Amino acid sequence: MGRTKATTASRATPFWEKSPVQARGRQRASTATTDEKRERILAAAETLFDAQGYALTTMEQIVQALGVSKPYVYYYFRNKQEIFETLCWRPAVACFTAMDFPEDDARPAHLKVTEGVERLIRATIEHHPAAFFPYREPQVFRPEFLAMQKKLANHFYDRMCALMEQARADGMLDFKETRLTAMAACSLPGFLYHWYRPDGRLSPAEVVRELSELAWRVLGLRKARRKPAPSSLVASHPPEESAP
């Protein structure tokens, strides 16, 4: 069957897969070998950024940590900012697509909301420490990176708010301001960068569970569907008119 506008549109790459961090070094083709080498560079840089911050990390230190020459690193990345943004884009995509569900997913809205919030928190922890870099050093990013990140965040909150309002209509969530409540619930993993340690008292899975339950409380998750108000409570006649 030939390609039509409909089939072409359905196969269009989602905007979050069009990374704002484009490969600008000499090595552009992606192969198993090049991907492995890029991952080595990213892993070494992530460790250094986490330990001493962006400003104090140099390309020379990344090179030394890898035990390679400078051309090896510059073959894949133009500079350390490109490395930093590449590291930060991955958790952004993982977190802000947490509310994406298949079109044929017929589960109630409140189940999708709670699962999506849990996915968001889990993705934040799984991408430690890179997921915390934007909170620690927001001044590093280029305007075009921030614009794509904002677009991705709006995508997330638009989907979340729509599901929340459906869940409220179903009697399973109890809240007032939709977007304010959504942002409040999802701000909880943002504080992780202050205190989270992979080897802390709670395991990563326990942290995910604890924070998820706190977020669900913020959303006003109910254990049982709220029953509609009895018709007997509705006035059977209009109120008396006040005297002039």
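Reader: Among contacts between residues at least 6 apart in sequence, what share joins residues at least 24 apart?
Author: Happy to start there, with the reminder that this is a predicted model. The count takes in contacts in the chain between residues at least 6 apart in sequence. Of these, the share that joins residues at least 24 apart is 74%.

Reader: How many helices and strands does the chain have?
Author: Reading from the N terminus on, the elements run α-α-α-α-α-α-α-α-α-α-α. That pattern goes with a total of 11 helices and 0 strands.

Reader: What percentage of the chain counts as buried?
Author: A residue is called buried when its relative accessible area is under 20%. The chain has 244 residues, and the part of them that counts as buried is 43%.

Reader: Which element gives the most residues to the largest nonpolar core?
Author: This core holds 64 residues, and I41, I83, F156 and M160 touch the most other members. Several helices supply at least two residues each, including α2 (32–52), α5, α6 and α11. The one that gives the most, with 11 residues, is α8.

Reader: Which residues does F156 touch, leaving out those up to four places away in sequence?
Author: F156 is one of the core members that touch the most others. With residues up to four places away set aside, the partners of F156 are C95, F96, A98, M99, L120 and C186.

Reader: What length is expected for α8 at 1.5 Å a residue?
Author: α8 has 27 residues. The expected span is 1.5 Å times one less than the number of residues. From first C-alpha to last, α8 reaches 39 Å, close to the expected 39 Å.

Reader: Which residue with a positive phi follows α8?
Author: Good one to look up in the structure above. The phi in question is near 85°, and the residue is G171.

Reader: Which residues lie nearest the centre of the largest pocket?
Author: The largest pocket has a volume of about 540 Å³. Elements that give two or more residues to its lining are α5 (80–96), α6, α7 (133–136), α8 (143–169) and α9 (178–186). The lining has 25 residues, and those nearest the centre are F96, P134, Y135, Q149 and A153.

Reader: Is T114 buried or exposed?
Author: T114 lies in helix α6 (residues 109–126), where 13 of the 18 residues are buried. The relative accessible area of T114 is 11%. Because the cut-off for buried is under 20%, T114 counts as buried.

Reader: Why is L221 classed as partly exposed?
Author: L221 touches H110, T114, M172, L173 and W216, not counting residues up to four places away. Partly exposed covers what lies between buried, under 20%, and exposed, over 50%. L221 is therefore partly exposed, as its relative accessible area is 32%.

Reader: What distance separates the C-alpha atoms of L221 and F175?
Author: Along the chain, L221 and F175 are 46 residues apart.

Definitions and conventions
Residues are numbered from 1 along each chain as its sequence is written. This is a predicted model: local features need pLDDT of at least 70, side-chain atom pairs count only at pLDDT 80 or more; totals for chains, interfaces and linings use all residues. Side-chain values use heavy atoms; hydrogens and water are left out. Buried means under 20% relative accessible area, exposed over 50%, partly exposed in between (1.4 Å probe, protein chains only). Contact means heavy atoms within 4.5 Å. Helices (H or I, at least four residues) and strands (E, at least two) are DSSP runs, numbered from the N terminus. On a 1 Å grid over the protein atoms alone, a cavity is a set of points where a 1.4 Å probe fits but cannot get out, and a pocket is an open set with protein on both sides within 12 Å along at least five of seven lines; lining residues have an atom within 4 Å of a point. Grid points are joined across faces, edges and corners, and a volume is the space filled by probe spheres set on the points. A nonpolar core is a set of buried Ala, Val, Leu, Ile, Met, Phe, Trp, Tyr and Cys residues joined through side-chain atoms within 4.5 Å.
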